[in-house]
Amino acid sequence: MDLESNYEIAPTADFIYSRNFTRVALQFPDDLLKDSTRVVRALREQLRSLRKCSTEKNGDNNKDVRLFVMADTTFGSCCVDEVGALHADAECVVHYGHTCLSPTTTLPAFFVFGKASISVSNCVEDLSNYALTNGKRVVVLYGLEYAHSIKHVREALEEASRLSQSKSKSEIHFADVKCSVMNPSDDHNNSNVLVGPASDCTNNSTCGTTPANSYSIGGLTWSTPDGQRMEDYLLFWIGSDNSAFANVVMTFNGCDIVRYDATENCLVTDVSQQKRILKRRYYLVEKAKDANIIGILVGTLGVAGYLHMIHQMKELITAAGKKAYTLVMGKPNPAKLANFPECDVFIFVSCAQTALLESKEYLSPVITPFEAMLAFNRGSQWTGEYVMEFQDLINSCPVEVRNGSEARFSFFHGGYVEDFDLQEENGGEDNEGTLALANATDKVLQLRDNPKSVIKGTAKSGPEFFAARSYQGLEMHHENSSPEPFLIGRSGRASGYENEKSKHEEEL
């Protein structure tokens, strides 16, 4: 596939020129960065052609458009890197490659999904055969890189159904791409609002609030008739086993799911490995209930509503009698989080497709905001439903004021645990500082031999953890305030410093 078609040079230039943008950021993932120079060259030629035609027709003299290539994004490459774009004073972002289509906060965005190759005939054959043998209604979901071929798949499926001699017909629905143009969202509390002009939607419908029987995930949207549940449908995924597919499996874990691998041209019916992740997540929820110090990891600075989610997490943690710290460190990794050993658990606030971190390599588990609500809300139980989008959680669950006198059962301690009420002891924290907090939390776990006894839990803080460490940094001697004389160190290379004798000199 040629560069002009794969990177949608003409539509991108029309978007930039029609909105009179003069500074545009082009965001490429690492695997597409090799094509960035050719894309910039093609965009400049197309914009120059549009400006020339406009000048001849209307006599307008528009300013030149400056294009900035962004790589090594601050957070996940699927999200729009508004932070990097604002460093270049960009007026909009053109996002290339895989995307989660999360709503932006400050800048408009144009999405180029790419056009991955697919065997339409093979896909239609596997889809029709499996749909007939399963007997359920089918919803076809797909990676956005295959959105360009869904029209051909739909037409080929209708043609195959028309030529088929079978009397049994399966009901197959295709999801639609929301839109390829997105404007900044002003409503951070409404997760069902997709911003962007209606003319840019692939399904030719308005990009607004979806009905109650409509579903949306990973930039796709579809609806079901009244009275039908998603558990009654078979989900047919077209694409690779990536974060977008994991998002679908986790969110619709009650549905039968099969995957068509367009790269290998084969049908994968066993997705038990992906569903097994739910057991691991439930284990992390139970482990988070015993945490005393929680770190809130900011995994995005551009997705609309992230500040509301952070504030909601802080309120939830405080109401549970625990201590919260907010950490901004870009892309998290085990080495970065190891610098905060006092945190018993981390809450990762990010888009749905980067929220699941495999925390086996981390010193402390990393959970999602939904899992945090299950862990820190007293009386909440996991019904099997799983929510990946944190926008769906904003103001959906009120913070429950817990009863400090009520003990809870801990699976890890093997007994009942009574959490220390941080709110009562922390009333004067603002006035007395962190020292008062450390003194107020100067309690330890008390475990008696009687298995029926209650384990007294404490909500520790960072200063208390630091005070209990054996190594607290370089020792500072305050008795002598006079400066110490400086010493001249060794010079030269490690293989032989100037003050060291060489082997030849030692032999002599």
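Axes are lines fitted to C-alpha atoms, for helices over the stretch in contact, and angles run from 0 to 180 degrees between N-to-C directions. Helices (H or I, at least four residues) and strands (E, at least two) are DSSP runs, numbered from the N terminus. The structure is a predicted model, in which local features need pLDDT of at least 70 and side-chain atom pairs count only at pLDDT 80 or more, whereas totals for chains, interfaces and linings use all residues. Residues are numbered from 1 along each chain as its sequence is written, and side-chain values use heavy atoms, with hydrogens and water left out.

**Overall composition**

The protein contains 16 helices and 22 strands. Of its 508 residues, 46% are buried (under 20% relative accessible area, with exposed over 50% and partly exposed in between; 1.4 Å probe, protein chains only). Contact means heavy atoms within 4.5 Å. Among contacts between residues at least 6 apart in sequence, 67% join residues at least 24 apart.

**Helices α10 and α12**

Helix α10 (residues 306–319) packs against helix α12 (residues 369–376) at an angle of about 20°, and their axes are 10 Å apart. The two helices are therefore roughly parallel to each other (angles under 35 degrees; over 145 is roughly antiparallel, 65 to 115 roughly perpendicular and the rest oblique). The crossing of α10 past α12 is left-handed (the near helix is turned anticlockwise from the far one by less than a right angle; clockwise would be right-handed). From α10, Met309, Gln312, Met313, Leu316 and Ile317 meet Pro369, Ala372, Met373 and Phe376 of α12.

Two strands pair if DSSP finds at least two bridges between them. An open sheet of 5 strands runs in the order β2-β1-β3-β4-β8, with mixed pairing. Its edge strands, each pairing on one side only, are β2 (66–70) and β8 (181–182). Strands β1 and β3 (residues 92–96) run parallel and are joined by 4 bridges; Ala25 stands opposite Val93 in β3. Helix α3 (residues 36–58) packs on the sheet, where it touches β1, β2 and β3, and its direction makes about 160° with that of β2. Helix α2 (residues 9–18) lies across β1, β3, β4 (109–112) and β8, and runs at about 175° to β4.

Leu26 belongs to strand β1 (residues 23–27). Not counting residues up to four places away in sequence, Leu26 touches Val40, Leu43, Leu67, Phe68, Val69, Met70, Val94 and Tyr96. Leu26 and Val39 are 13 residues apart in sequence, and their C-alpha atoms are 9.4 Å apart in space.

**The three-stranded sheet**

Another open sheet has 3 strands in the order β7-β10-β9, with antiparallel pairing. Strands β7 (176–177) and β9 (214–217) form the edges, each pairing on one side only. Strand β7 pairs with β10 (residues 220–223) in the antiparallel sense over 2 bridges, and Val177 has Leu220 as its bridge partner in β10.

**Arg259**

Arg259 lies in strand β12 (residues 256–261). Not counting residues up to four places away in sequence, Arg259 touches Trp237, Gly239, Ser240, Asp241, Phe245, Cys266, Leu267 and Val268. A polar contact is a pair of N or O atoms within 3.5 Å; within protein, one must be able to donate a hydrogen and the other to accept it, and residues adjacent in sequence count only if both atoms are side-chain atoms. A polar atom of the Arg259 side chain lies 3.2 Å from the backbone oxygen of Gly239, and the Arg259 side chain also makes a polar contact with the side chain of Asp261 at 3.5 Å.

| Residue | Relative accessible area | Class |
|---|---|---|
| Arg259 | 9% | buried |
| Leu26 | 0% | buried |
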